[in-house]
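New notebook page, new structure. I'm jotting down what I looked up, in the order I looked.

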Amino acid sequence: MSVAALAGWLLSSVAWGLATGLAGLVTLNWLDYREFLRWSGAPLTRPAARSIFWQTPLDRLFRTIHSGRQRSRSLASRLRFLEATADGLPDAWVLVRGMGEIEQANSTAQRLLGLGNDDQGQNLLGLVRDPALVALMNGEVEEELVEIASPVNDRMRLEIRRIPLDERTLFIARDVTELNRLLSMRQDFIANVSHELRTPLTVILGYLESIADEPLDPRLVSELTRRMSPPAERMKSLVEDLLTLTRLESAPLPNADTIEAVDGGKLLQSLRPEAEQLSGGEHELVFDIEAHLVVECVPGEVQSAFLNLIANAIRYSPDGGRITVRWFGSSGGARFEVEDHGIGIAPEHLSRITERFYRIDLAGARVRGGTGLGLAIVKHILRRHNTRLQVESELGKGSLFFCVFAPQYQPAT
Ligand code: ADP
């Protein structure tokens with residue numbers, strides 16, 4: 001009997017123990033489940049479970065979510081960067097579907113093609129009405145490239161390239177106005193050079209032809225030599241000026257190896273004999289020079305610029321005209337001036353006289369035969385020396401050409 005009672009007692013306490021343990025486990029899991037529900041709804045933090053059974057999978061889940069979020073954040077930032085880059089491109093791009101329905105475009109497309117944000121879904125061909133663009137869209141253009149006037153500004157020229165993608169087409173528009181201007185400048189330049197060389201060459205050839213079948217009379221030979229010299233000299237000056245311009249364009253900027261401290265007054269005085277020879281004693285040449293005024297420059301270049309300006313003052317002044325060359329310290333720096341009382345320049349020509357080959361009708365000029373490159377060379381040289389050519393002129397009264405050498409100006413010692 002007592003054995004049976006003992007067994008009964010033992011069995012019931014094990015059952016109690018088991019029941020209590022089970023209840024504890026269920027409570028713990030319930031608490032962890034509630035914590036999981038709270039955690040899953042809150043901003044992502046590292047989970048803290050009470051039981052090891054929850055902790056390990058929750059940690060894994062946390063790591064997966066965390067790294068997934070990091071990846072999508074980095075993808076989003078790369079996408080933003082790509083979008084900003086594509087937006088900032090100087091070229092416009094437009095992505096279209098089918099026969100021209102706009103899907104996406106960058107902000108440059110607004111400036112070049114006039115497309116706005118609300119044009120998405122519109123037809124590109126309806127907004128940019130140009131037969132060349134229609135032909136490009138239809139694949140009828142061999143090089144996949146056309147040039148059209150911008151719908152925003154008809155002076156702006158756009159080169160449009162078509163890039164077929166899988167189901168879409170990408171159009172890239174580039175502003176080629178400046179490129180076209182440079183190309184036509186180059187063509188004009190070549191045409192000008194050819195024209196300038198052809199004229200004296202035709203004269204020389206004419207003389208040569210006229211004596212080809214003639215018996216050589218020494219007097220005729222000397223007369224022809226005298227006549228052929230000016231056009232030959234002209235060709236020589238032209239070629240020399242062209243070479244000077246080319247050299248200036250390709251030469252490195254003035255630097256420690258080429259710059260010297262030069263007494264501008266002495267440099268100008270050294271040009272005096274050449275100026276007098278050019279004038280042939282027909283002008284009053286006045287040199288008003290401040291002594292010991294030094295400028296840091298490439299001496300050969302500045303000498304050539306000064307001589308060009310003095311030569312022009314002589315060339316475009318009547319006999320007896322006074323030409324004053326000045327060199328003095330001004331508030332802005334060492335200042336060079338050449339003043340004449342010659343034919344002067346009308347206002348409409350002033351902004352153009354430094355262009356290559358630009359010449360005003362020289363009916364009133366005393367001496368002809370300049371190359372039309374002198375002021376272009378001067379402008380270039382002065383620009384290389386951080387200064388610029390300035391002109392004040394009045395038609396029929398005369399001109400003042402000047403420049404100021406600012407930073408390198410050194411006071412007299
Ligand atoms: P050019 O070899 O014809 O003199 P430049 O480039 O030196 O060429 O000058 C360009 C044009 O500017 C000249 O053809 C002339 O019409 C005008 N010009 C230059 N200097 C003077 C000046 N001192 N007075 C009047 N016109 C000038």
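How are helix 6 and helix 7 oriented to each other? Before answering, I noted that this is a predicted model, where local features need pLDDT of at least 70, side-chain atom pairs count only at pLDDT 80 or more, and totals for chains, interfaces and linings use all residues. Residues are numbered from 1 along each chain as its sequence is written, and side-chain values use heavy atoms, with hydrogens and water left out.

**Helix 6 and helix 7.** I found that the axes of helix 6 (residues 177-212) and helix 7 (residues 218-250) come within 10 Å and cross at roughly 165 degrees. Helices here are DSSP runs (H or I, at least four residues), numbered from the N terminus. The two are therefore roughly antiparallel to each other (angles over 145 degrees count as that). I looked up who touches whom, with contact meaning heavy atoms within 4.5 Å. Helix 6 brings residues including Phe189, Val193 and Glu196, and helix 7 brings residues including Leu220, Leu224 and Arg227. The residues of this contact divide into 19 nonpolar, no polar and three charged.

**Helix 8 and helix 9.** Next I checked helix 8 (residues 264-279) and helix 9 (residues 299-315), whose axes come within 10 Å and cross at roughly 35 degrees. Among the residues making the contact are Leu267 and Glu274 of helix 8, and Gln303 and Phe306 of helix 9. I got 11 nonpolar, two polar and one charged.

**Glu35.** Last, I looked at Glu35, which lies in helix 1 (residues 2-41). Its C-alpha atom is separated by 7.3 Å from that of Ala49, 14 residues apart along the chain.

Definitions and conventions: Axes are lines fitted to C-alpha atoms, for helices over the stretch in contact, and angles run from 0 to 180 degrees between N-to-C directions. Angles under 35 degrees count as roughly parallel, over 145 as roughly antiparallel, 65 to 115 as roughly perpendicular and the rest as oblique. Ala, Val, Leu, Ile, Met, Phe, Trp, Tyr, Cys and Pro count as nonpolar, Asp, Glu, Lys and Arg as charged, and the others, Gly among them, as polar.
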